[in-house]
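Welcome, and please get your viewer ready.

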Amino acid sequence: QVQLVESGGGLAQAGESLNLSCTAFGNFADINAMKWFRQVPGGKRELVAAASKNGDTNVLESVKGRFTVSRENAINTIYLLMSSLKADDTAAYYCYAHVGIVGFYGTEWSDYWGQGTHVTVAS
């Protein structure tokens, strides 16, 4: 079993900051990519930020300069530091991880998702 546990969502005023974290728990050998997605009701889930194991990071163009993604491999955690929040940032934020689990023939890679943490930004 693998579980992704997210925290840090809540209510913020426009211009304030929130920090999200996601930690992977369970029996696994390795984690390759970790990412943050967000989704509004009736909308599509969109990629917000991604971090590779070696430290390469990317964020959505519309949040560049305001959001920072980082990763702490030793504790299997990805962070999303959100500043200068806007009403448009309101969404459910989901953590994703590409996880390797040791099987009979070697490491098998699968996609895992967190339950989501809601961010509400009041204008």
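Which residue in E8 is the bridge partner of glutamate 72? Select threonine 77: this is the residue in E8 that bridges to glutamate 72. Before going on, note that this is a predicted model, in which local features need pLDDT of at least 70, side-chain atom pairs count only at pLDDT 80 or more, and totals for chains, interfaces and linings use all residues. Residues are numbered from 1 along each chain as its sequence is written, and side-chain values use heavy atoms, with hydrogens and water left out.

**The sheet**

Strands here (E, at least two residues) and helices (H or I, at least four) are DSSP runs numbered from the N terminus, and two strands pair if DSSP finds at least two bridges between them.

**Two loop residues**

Next, select asparagine 76, in the loop between E7 (67-72) and E8 (77-82). Its phi is near 55 degrees, a positive value in a residue other than glycine. Asparagine 76 has a relative accessible area of 25% and is partly exposed (buried means under 20%, exposed over 50%, partly exposed in between, with a 1.4 Å probe and protein chains only). Then move to serine 84, in the loop between E8 and E9 (91-103). Serine 84 also has a positive phi, near 50 degrees, and is partly exposed at 40% relative accessibility.

**A buried arginine**

Go to arginine 38 in strand E4 (residues 30-39). Is arginine 38 buried or exposed? With a relative accessible area of 8%, arginine 38 is buried. Show side chains here: a polar contact of 2.9 Å joins those of arginine 38 and glutamate 46, and another of 3.0 Å joins those of arginine 38 and tyrosine 93. A polar contact is a pair of N or O atoms within 3.5 Å; within protein, one must be able to donate a hydrogen and the other to accept it, and residues adjacent in sequence count only if both atoms are side-chain atoms.

**The disulfide**

For the last stop, select cysteine 22 and cysteine 95, which form a disulfide with sulfur atoms 2.1 Å apart (the cut-off is a pair of cysteine sulfur atoms within 2.5 Å). Cysteine 22 lies in strand E3 (residues 18-26) and cysteine 95 in strand E9, so the link ties together parts that are 73 residues apart in sequence. The link is left-handed, with -85 degrees about the S-S bond. Cysteine 22 is buried at 0% relative accessibility, and cysteine 95 is buried with a relative accessible area of 0%.
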